[in-house]
Amino acid sequence: MRRVFEDYAYTDAVRNGCYWDSTVAQRSWPVLRGTHQADVVIIGAGFVGLNAAIELVQGGASVIVVDAESPGWGASGRNGGFCCMGGAKAEDATIARHYGPEALEAWDAAQVAAIHLVDQRISDLALDVERHSDGEIVLAHSARAMKQLAAENETVFDAEDLRAMGIAGHGFHGGMRTPVGFGLNPRRYVDGLARHADSLGVSIYGQTPVTKLTKGANRWHAHTPEGWVEADTVLIASNGYSSDDLPDWLTARYLPAQSSVMVTRPLSEAEQHAQGWTSDLMAYDTRTLLHYFRLMPNGRFLFGMRGGLSSSPRAEAATRRQMRQHFDRMFPAWTSVEATHMWSGLVCLMPSLVPFVGEVPDMTGVFAAMGWHGNGVAMGSYAGVQIAARMAGRSSNGLPDFVSYPPKRFPLNKNRRALLRLAYLGYAVKDVI
C-alpha cells in the first residue's frame with residue numbers, strides 16, 4: 001500500500017484513547033480467506049461503505065464489505081460526532097462561481113437531506129446514539145470575523161447574547177446559529193449500521209486490507225492477503241485512509257489531514273456555570289484551522305482541532321499538548337479539568353475542496369466516494385446512499401453534478417503533504433487577524 005502519512009498514523013496507537021470505543025461493546029469480524037463472489041465489493045466499512053451496502057443489498061445485490069481494520073476503525077468511529085451541514089471546504093461563492101448558482105442551491109439542499117437521512121437511519125434502526133443539540137453555532141474568533149458574519153447573515157449574536165445562551169469562552173466575539181443538525185455518538189451510529197447491514201446479509205470482513213485491484217476477463221478482482229473477491233462493481237470508500245495504488249488513478253487526487261480530539265471528565269453543573277458554558281449546541285469557530293467543541297449529554301466536554309503535520313509518538317504528544325493549551329486558553333475556568341481521553345485521526349481533502357462521488361475514469365464498474373473535509377457523518381452517509389443508486393443503475397439526483405467530476409491531482413505527488421505545511425503557516429497568520 002502507498003499511503004501518504006507515516007505508518008504510525010495507521011496504527012492503533014493514535015486511536016487507543018478514543019472515548020467512543022468505551023461506549024460500545026467491540027465485535028470481532030471474520031477475516032476474508034479464500035475466493036469469494038459478489039455483485040459488489042466495497043472497500044471501507046465506514047459511513048459511506050455501510051450505507052451503500054445497506055442500499056445495495058436491499059435492492060437485491062450480493063455485497064461484500066472489506067476493511068483493513070474493522071467497521072468504524074477509521075474516521076467514522078473516531079470523529080467529533082457532528083451530524084451537520086458540510087462536506088466541502090470550498091466557499092459558497094466559489095461553488096456558485098465555478099459551477100453555477102443552481103449547483104450551489106442543489107448542494108445546500110443535499111446537505112440538509114444528508115442530515116435528515118442520518119436522522120431517519122437512527123429512527124428506523126432504533127439506535128441509542130446519545131443524540132442532542134438542535135443545530136450548531138459558528139463563533140467568531142476575531143472582530144474581523146464577526147464583521148464578516150454580520151455582513152453575510154441577517155441574524156447574528158453578539159458576545160453578550162452568547163453568554164445569555166450559555167455559550168461563553170475566551171475570544172468569542174459573537175456567532176451565528178444554524179438550526180439544522182445534531183450531535184451524536186458516531187461509534188454507536190456506525191456500529192448500528194454494521195449490525196444492520198450484517199442482518200440484511202451483507203458479508204463484512206475485518207483485518208482484510210485490499211492489496212491490489214485488477215480486472216479479470218469480465219469482473220474486478222479485489223486481492224487481499226489471504227484471498228480475493230470477484231465482483232462486477234467496486235466501491236472505494238476508504239476516504240483519508242486510502243492508498244495511492246488502489247487504484248493507481250487515485251494517486252495525488254486526495255490529501256489526508258490530521259484532526260485531534262479530547263474529551264474531559266464529566267463536568268458538574270457548578271463547573272459548567274463557572275465557565276459559562278451550559279448549552280448543548282454543537283459549536284465551531286471561524287478559524288481556518290478550526291476548533292470544534294460541544295457539551296455532551298453526560299456532562300463531558302468534547303474539544304477538537306485541526307493540525308498536525310507528521311505522525312510519530314513524539315509528534316502525537318506535541319499535538320496533544322498544543323490541543324490542551326488551546327482548550328485552556330479558550331475555557332480558562334476548566335484549566336484543572338482532566339482530559340480523560342485523547343486521540344487523532346485522518347480527514348480527507350480534495351484538490352477542488354469538494355467531494356468526489358462518482359465513477360473512476362477508464363475503470364468501468366469502479367466507483368469512489370470520498371473527501372468530506374472533516375464533515376462526513378451526514379454527507380458521507382448520504383453519499384453512500386447516492387452512489388449505491390448509481391452503481392445499481394438507478395437515477396441518483398440527490399447530489400449536484402459537480403461532485404461527480406473527477407478530481408485533478410495535487411502538486412508534488414507523493415510529497416504533497418508538504419503543501420499542508422505551507423498552507424498551515426498561512427492559515428496561522430490569517431487566523432490571528
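The model is predicted, so to speak of local features a pLDDT of at least 70 is needed, side-chain atom pairs count only at pLDDT 80 or more, and totals for chains, interfaces and linings use all residues. Residues are numbered from 1 along each chain as its sequence is written, and side-chain values use heavy atoms, with hydrogens and water left out.

**The open sheet**
- Eight strands line up as β5-β6-β4-β13-β14-β15-β12-β16 in an open sheet with mixed pairing; strands are DSSP runs of E, at least two residues, and helices are runs of H or I, at least four, numbered from the N terminus.
- At the edges sit β5 (157-158) and β16 (339-349), each pairing on one side only; two strands pair if DSSP finds at least two bridges between them.
- Helix α4 (residues 143-152) packs on this sheet and touches β4 (136-139), β5 and β6 (174-178), where contact means heavy atoms within 4.5 Å.
- Strands β12 (residues 255-264) and β15 (residues 301-306) are antiparallel partners over five bridges, and V263 has L302 in β15 as its bridge partner.

- Five of the five residues of β10 (residues 220-224) are buried, meaning under 20% relative accessible area with a 1.4 Å probe, protein chains only.
- W220, A222 and T224 lie on one side of β10, H221 and H223 on the other, and all are buried.
- β9 (residues 212-215) pairs with β10 in the antiparallel sense over four bridges, and the two form a hairpin with four residues between them.
- β10 also forms a hairpin with β11, with two residues between them; A222 has V229 in β11 as its bridge partner.

Methods: Axes fitted to C-alpha atoms, helices over the stretch in contact; angles between N-to-C directions. Buried < 20%, exposed > 50% of the residue type's maximum accessible area, 1.4 Å probe, protein only.
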